[in-house]
Amino acid sequence: MSDTASIRAILDFWFLPLGHVEHGQRREVWWQSTSELDAEIASRFGALIELAIAGELDHWRRSPDGALALTLLCDQFTRNIWRMTARAFSGDAKARETARLLLEIEAIHCRPDNPYIFTSGRASPVYIDCRKIISFPEARAKIMNHALKAIDKQIGWSKIDVVAGGETAGIPFAAFLAALAKKPMIYVRKQPKGFGRMAQIEGDLKPGKRVLLVEDLATDGGSKLVFIDALKKAEAKVTDCFVVFHYGIFPQSVETLAVAGVKLHALATWWDALEAAQKHKYFDEKGLAETRAFLEAPEKWSANHGGRPPAQRMRG
């Protein structure tokens, strides 16, 4: 199918064909999708979505219709076909730019021949250290501005009273975001210091305040519960947690926090990093292949490369 035909198919699918009696009118599917619609989008446009995320369709931006179709592929259809997973936001330009910046400052490493062994016991061909961001002012400024906008889009800064950083890695990112958003900031200790409502809280926190928990990254989300519990004991309202980087390959990361009534938000995932590494040639062919294999089946890859089964709760 030609580019022109593909663009027309996307627009006709979402807005209905030109000349249709309901073309240009608000449609219910824009607000309340169904599993059937999500499956149809995956079947009809899945291949185009992958091409768009990889940057292979960037030339569509040269025409108004092409730009609109590309936006639907990257910003809407990703949310349909990967609903309730980390890849739902993988087409977001901010996510892809963040992944590229993390690769540029060498916060992301690929070592398939000598896998990293994490504290959980899991083996991995890739490793990320988000803490490196704080040492690169230009990359830091761009990533934090992306985070500021992502939080406003996904949560809304008007719904946040206080920004909380988790000890230790979450503290600088909470500080950066609080400054940009002009919000009060606190940080949460891993262990209580003293007694009472504020035993794990440093800073000023009034009861009933709506708090956004900020961390550097999330694996399975387990460690976030320590901070969430501390904030709730301090009588804060916690419904959202934001991380710069989310592994995006362990379903329990979202499920663990959902049980606690908290929604996990992230700026970028390993899927974004893989796309950026491929597009900008940061990984060689073996690195790309092994990373993709790990992301698609992390436990199997780990077991085949010297890893051991992780403990019931991981540390991210």
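In this predicted model, the largest nonpolar core takes in 52 residues, and the ones with the most contacts inside it are Ile128, Trp157, Leu177, Phe245 and Trp270. Helix H5, residues 137-154, is the biggest giver here, putting 7 residues into this core.

Leaving aside residues up to four places away in sequence, Leu177 touches Met144, Ala147, Leu148, Ile151, Trp157, Val214 and Phe242. One of these partners, Trp157, is itself listed with Leu177 among the residues with the most contacts inside the core.

Phe245 belongs to strand S9 (residues 237-246) and Trp270 to helix H9 (residues 270-279), so the pair ties together parts that are 25 residues apart in sequence. Both partners are tucked away: Phe245 has a relative accessibility of 0% and so counts as buried, while Trp270, at 1%, is buried too.

The search for aromatic pairs across the whole structure turns up 11 of them. Another one worth a look is Phe45 with Phe77, where the ring centres are 5.4 Å apart and the planes sit at 25°, so this pair is stacked. Phe45 comes from helix H2 (residues 35-53) and Phe77 from helix H3 (residues 64-81), so parts 32 residues apart in sequence are tied together by the pair. Phe45 and Phe77 are both buried. Elsewhere, a ring meets a charge: the charged end of Arg111 sits over the ring of Tyr116, at 3.9 Å from the ring centre.

On to the sheet. It is an open one of 6 strands, ordered S7-S6-S5-S8-S9-S10, and its pairing is mixed. Strand S7 (201-202) and S10 are the edge strands; each has a single partner strand, so one side of each is left without a neighbour in the sheet. S5 pairs with strand S6 (residues 185-188) in the parallel sense over 4 bridges, and there Val163 faces Met185 of S6.

S9, the strand that carries Phe245, has partners on both flanks. Strand S8 (residues 210-218) pairs with S9 in the parallel sense, through 8 bridges, with Leu213 standing opposite Cys241 in S9. Strand S10 (residues 263-269) also runs parallel to S9, joined by 6 bridges, and in this case Phe242 stands opposite His265 in S10. Phe242 is also one of the residues touched by Leu177. S9 is mostly covered, as 8 of its 10 residues are buried. Together with helix H8 (residues 252-259) and S10, S9 makes a right-handed β-α-β unit.

The peptide bond from Glu167 to Thr168 is cis, its omega being near 0°. Thr168 lies in the loop between strand S5 (162-166) and helix H6 (170-181).

Glu235 has 45% relative accessibility, so it counts as partly exposed. For Lys281, phi is near 60°, and the residue is placed in the loop between H9 and helix H10 (285-296). With a relative accessibility of 70%, Lys281 counts as exposed.

Conventions
Residues numbered from 1 in each chain as written. Predicted model: local features only at pLDDT ≥ 70, side-chain atom pairs only at ≥ 80, totals over all residues. Heavy atoms only, no water. Phe/Tyr/Trp six-rings, centres within 6.5 Å; stacked < 30°, edge-to-face > 60°. Helix = DSSP H or I, 4+ residues; strand = E, 2+ residues; numbered from the N terminus. Buried < 20%, exposed > 50% of the residue type's maximum accessible area, 1.4 Å probe, protein only. Lys NZ or Arg CZ within 6 Å of the ring centre and 35° of its normal. Pairing = 2+ DSSP bridges. Right-handed = clockwise from strand over helix to strand, strands pointing away. Core = buried A, V, L, I, M, F, W, Y, C linked by side-chain atoms within 4.5 Å. Contact = heavy atoms within 4.5 Å.
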